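Welcome! Let us take a short walk through this model, one topic at a time.

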Amino acid sequence: MFKLFSKNFLDDLWANLQILASIHDDQSKEVIIESKSGILIDALVKINYPNVKNKKVSNINNFLEDILYDQEESSRTKFELIEDSHNMNWIILNDQSPHNLYSSLYTVINALLSNNSIKSIIGFVSKMTINYKNIHNQTIYLIYRMDTKSFYPFCPTSDEIGEQDREKESLFYNYLKKNKFKLENNKKKWLGIWGIPF
């Protein structure tokens, strides 16, 4: 039962990430995916992952190198581990190609799932620049909550908790819905993350 749920969750996640990358490719440039995305993780993430040579990877840094750079044709997406100003832990992925960025994001999540570390992922965030209707050159984040397995937009107006632009979030929500992107419909579940470090 769990494996079936996981497969569906990963299939849906991959389909949504592909929709985002194709929106970025659109000539209108209404949505530009920035080069960084971040996975928010529990500080206590434990890794015990056998790589190709059957040695155990003992920490998250080695684990990420192992899964992101294990093949000659790997995208070589860069990563860094940081703690933000709110004591939250992040895996920051950096790649100029949205397709490679999202492929690496998916690979890390899938590997953590295979490692039984999926509970260590709180969610992930993708940064975008929006030029749509009355939104001009505006940074909006797309948050994915792991507990609800759903996406929603987030537009903070400062680093102060609670300060966000709900109108722009709704506009971007409608834009994504129009592009057949699956989102969280219940706005009470749209929890903000202030102090995103990218």
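## A strand and its partners

In β6, Met 128 is the bridge partner of Ile 33. Helices (H or I, at least four residues) and strands (E, at least two) are DSSP runs, numbered from the N terminus. Strand β1 (residues 31-41) runs antiparallel to β6, and 8 bridges join them. Two strands count as paired if DSSP finds at least two bridges between them.

β6 also pairs with strand β7 (residues 135-145), again in the antiparallel sense, over 9 bridges. Here Gly 123 stands opposite Arg 145 in β7. The hairpin of β6 and β7 has 2 residues between the strands, and Lys 133 takes a positive phi near 50° in this hairpin.

## How the model was read

This is a predicted model: local features need pLDDT of at least 70, side-chain atom pairs count only at pLDDT 80 or more, and totals for chains, interfaces and linings use all residues. Residues are numbered from 1 along each chain as its sequence is written, and side-chain values use heavy atoms, with hydrogens and water left out.

Strand β6 (residues 121-132) is largely enclosed by the rest of the structure, because 9 of its 12 residues are buried. Buried means under 20% relative accessible area, exposed over 50%, and partly exposed in between (1.4 Å probe, protein chains only).

## Two lysines in loops

Most residues other than glycine have a negative phi. Lys 29, in the loop between α1 (2-25) and β1, has a positive phi near 55°. Lys 29 is partly exposed, at 38% relative accessibility.

Lys 149 lies in the loop between β7 and β8 (150-154), and its phi is positive, near 55°. At 30% relative accessibility, Lys 149 is partly exposed.
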